[in-house]
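Subject: Structure handover and notes

Hello,

Please find below the structure you were waiting for, with my notes after it. Read them with the model open beside you.

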Amino acid sequence: MTKRRARGVRWTGVGALAVAVSMAGCSGRERAAALPAPPAAGLDEPAVIEIDLSRGLPESASASLFGPPSGRTHAQLVQSLRALSGAATAKGFLVRLGSARLAFARAHEIGRILGDVRAAGRPVVCHADEYNNATMLLASIACSKLWLSPAGQVDTVGIAAQLVFAKGLLDKLNVDVDFLQVGKFKGASEPFTREGASPEARRSLESALGGVREAWLSAIVEGRGKEELREALEDGPFAPEEAKARALVDEIGDLESATEDAKKLAGTERSVPRFGGAPRDSSFSRSLVDVFRSVSGASTLGTPHVAVVPAIGGITMSAKGMPLGSSDGIGERELGQTITRLTEDQSAKAVVLRIDSPGGSALASDLLWQKLMRLRQKKPLVVSIGGMAASGGYYLACAGTKIVAERTSIIGSIGVVGGKFAVGKALADIGINAETVAANPDPQRAARAAYMSALTPWDEPTRARVLASMEAVYDLFLKRITAGRNLPLETIAPSAEGRIFGGVEAAGRSLVDELGGLERAIALARELAELPTDAPVEIEQDDGGLLELLATGDEANEGSARAPDRAALKERAREAMASVLLPEWLGVAPEVGTFAASMAPLLAGERALTVLPFAVTLR
């Protein structure tokens with residue numbers, strides 16, 4: 001069998017067609033990141049050890065672009081953990097899970113190793129943006145305390161397998177299928193020779209899943225010491241507050257809060273990354289940016305300045321750009337790193353966030369909001385709205401010290417939407433059948449375990465559970481706006497429920513502070529930071545990418561003054577490409593692509609989006 005995505009532990013029947021169908025709803029194979037893990041040795045001062053598993057934990061490493069294979073494999077983590085757990089200066093551990101999809105067996109082993117550390121009396125704190133079946137297993141065994149992001153969820157839904165059968169399609173195509181098997185439980189040919197599972201194959205699968213389910217339930221219940229969890233674990237998804245009330249998690253808060261908690265429990269003021277990514281201290285990435293800009297002659301290194309940060313496109317957890325180029329879209333990972341770096345950059349006296357976004361992932365929007373609010377506590381943050389700041393785009397905007405929008409900007413769409421496409425009936429029409437086999441014999445729990453499958457629609461109890469979690473996201477959205485705008489809920493609520501406004505009406509409703517463009521936003525940032533009117537401006541994200549940063553021609557030497565021209569050139573090139581790929585006579589505008597990108601998180605399995613529910617073209 002081929003295992004796909006940790007959520008629900010969905011398996012598909014063996015065969016090329018079955019695998020192809022299952023991949024449509026999968027997160028894919030875990031990949032190794034390019035940065036090697038720091039060594040286990042050399043911990044000379046008492047500290048909390050940070051273990052970052054948010055990018056997965058593969059069995060083997062892929063080669064990176066510039067160097068040897070990365071040091072982020074399961075075997076390397078096992079080895080590092082044993083070495084670190086024996087270090088007297090390792091006073092505790094912080095495990096960063098993000099929204100990781102981990103294999104059950106790997107999650108179980110890492111949980112056991114860290115559980116030994118916990119049993120020895122040292123604190124182990126876990127933080128996740130989302131707990132799924134596998135990461136809840138790891139965290140429950142390993143961690144003294146479980147933290148969950150305010151916009152996250154606990155997605156423990158039980159264990160099920162889905163089998164895909166293509167005999168009907170092959171019959172329609174007049175394809176003869178000759179398979180033989182030895183062993184009545186084998187069943188590997190059934191996706192091509194039957195329209196449903198044989199009693200023997202179903203019984204074998206039910207037995208295996210039942211064993212995995214019992215091991216999963218028992219490990220979590222024992223690790224958390226709460227027998228009542230046995231019932232709750234298969235009843236997700238849970239919004240954060242409900243997850244805490246059901247004792248699935250202990251605290252709700254961001255990663256920084258969990259880090260401070262881990263340090264407090266460990267009795268130390270220091271935390272040190274030791275596996276899975278670069279240090280959260282942004283000095284390394286800042287130094288690379290400074291080097292590239294110095295070479296290109298476009299640096300304001302050390303000079304008090306205003307930083308302009310573009311946030312353009314749909315919002316996702318990662319923009320996943322090409323290695324040496326730029327990418328469209330707002331990635332929480334990429335933009336979040338920039339925001340964190342600017343928060344600590346003492347030469348950046350103010351920041352202008354230039355937003356043109358229809359929204360996207362609710363989780364990514366909230367994680368970025370938290371980072372923006374931390375930046376705002378240290379320096380002025382002026383938001384300049386371009387074409388639109390809708391839904392998730394406004395989620396980011398409301399973190400601004402001040403918001404400036406054009407009269408022609410589109411603002412609002414404060415609401416939450418989510419769901420999935422289920423293609424099971426369409427596949428049945430062409431002769432492909434799907435069956436769900438659940439570890440729990442209860443039919444309702446069986447449906448819940450496969451609730452994010454692209455093969456089956458939601459039943460009514462599942463729809464109610466999902467709606468409750470989305471309503472929790474909506475309530476959090478309103479709280480973020482009231483906190484960011486420093487306004488009572490009664491002022492914001494009439495402008496919510498998904499309504500959109502032009503810039504003038506948005507200002508009248510206190511959704512923005514001033515009407516104007518980027519020029520006014522930069523001037524306002526200078527005023528708030530008490531900088532001179534001619535203080536330099538640095539555009540943090542160069543549209544040309546790394547290669548253009550290294551350019552040495554006249555255009556590069558003119559620095560940021562020419563950046564808008566380069567951006568305009570790129571925009572014209574993009575429009576030209578769109579006119580070729582999507583001819584104007586079809587009535588398809590480039591904005592449709594941006595809207596489609598904002599909906600992309602649904603394909604990655606995210607449940608809730610803060611997104612404008614249509615494409616808008618103003619000409």
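The notes below go through salt bridges, helices and a few backbone details.

Please bear in mind that this is a predicted model.

Salt bridges

Side chains of opposite charge can pair when their charged atoms come close. The structure holds 27 salt bridges, and I describe a few of them here.

Arginine 82 pairs with aspartate 116, with 3.5 Å between the closest N and O atoms. The two residues come from distant parts of the chain: arginine 82 is in helix H2 (residues 74-85) and aspartate 116 is in helix H3 (residues 104-119), 34 residues apart. Arginine 82 has a relative accessible area of 44%, so it counts as partly exposed. Aspartate 116 is partly exposed too, at 45%.

Aspartate 235 forms a salt bridge with arginine 448, and here the closest N and O atoms are 3.0 Å apart.

The salt bridge between arginine 480 and aspartate 366 has an N to O distance of 2.7 Å. This pair also links distant parts of the chain, with arginine 480 in helix H17 (residues 460-485) and aspartate 366 in helix H13 (residues 362-378), 114 residues apart. Both arginine 480 and aspartate 366 are buried.

There is also a network of salt bridges that links Arg202, Glu206 and Glu435.

Helix packing

Two packed helices are described by the angle between their axes and the distance between the axes.

H13 and H17, the helices that hold aspartate 366 and arginine 480, pack at about 20° with their axes 12 Å apart. Angles under 35 degrees count as roughly parallel, so H13 is roughly parallel to H17. Their crossing is left-handed. On the H13 side the contact is made by Ala362, Asp366, Trp369, Gln370, Met373 and Arg376, and on the H17 side by Val473, Leu476, Arg480, Ala483 and Gly484.

H3 and helix H4 (residues 133-142) have an angle of about 15° between them and axes 7 Å apart. That makes H3 roughly parallel to H4. H3 passes H4 in a right-handed crossing. Among the H3 residues that meet H4 are Phe104, Ala107, His108 and Ile110, and the H4 residues include Leu137, Leu138 and Ile141.

Helix H7

Helix H7 (residues 199-224) has 26 residues and reaches 37 Å from its first C-alpha to its last, close to the 38 Å expected. Its buried residues include Leu205, Leu209, Trp216, Leu217, Ile220 and Val221, along with Arg213 and Arg224. Just after H7, glycine 225 has a positive phi of about 70°.

Backbone details

Most residues other than glycine have a negative phi, and most peptide bonds are trans.

Which two residues are joined by a cis peptide bond? They are glycine 236 and proline 237, with omega about 5°.

Asparagine 174 has a positive phi, near 60°. Asparagine 174 is in the loop between helix H5 (167-172) and helix H6 (190-193), and counts as exposed at 69% relative accessibility. Serine 391 has a positive phi as well, near 55°. Its place is in the loop between strand E15 (381-390) and helix H14 (392-397). Serine 391 is buried, at 0% relative accessibility.

Serine 149

Serine 149 is in strand E6 (residues 145-155) and is buried, with a relative accessible area of 1%. Its C-alpha atom is 7.5 Å from that of glutamate 130, which is 19 residues away along the chain. Leaving aside residues up to four places away in sequence, serine 149 touches His127, Ala128, Asp129, Pro240, Ile252, Gly253 and Leu367.

Regards

Conventions:
Residues numbered from 1 in each chain as written. Predicted model: local features only at pLDDT ≥ 70, side-chain atom pairs only at ≥ 80, totals over all residues. Heavy atoms only, no water. Salt bridge = Lys/Arg side-chain N within 4 Å of Asp/Glu carboxyl O. Helix = DSSP H or I, 4+ residues; strand = E, 2+ residues; numbered from the N terminus. Buried < 20%, exposed > 50% of the residue type's maximum accessible area, 1.4 Å probe, protein only. Expected span 1.5 Å × (residues − 1). Axes fitted to C-alpha atoms, helices over the stretch in contact; angles between N-to-C directions. Parallel < 35°, antiparallel > 145°, perpendicular 65-115°, else oblique. Left-handed = near helix turned anticlockwise from the far one by under 90°. Contact = heavy atoms within 4.5 Å.
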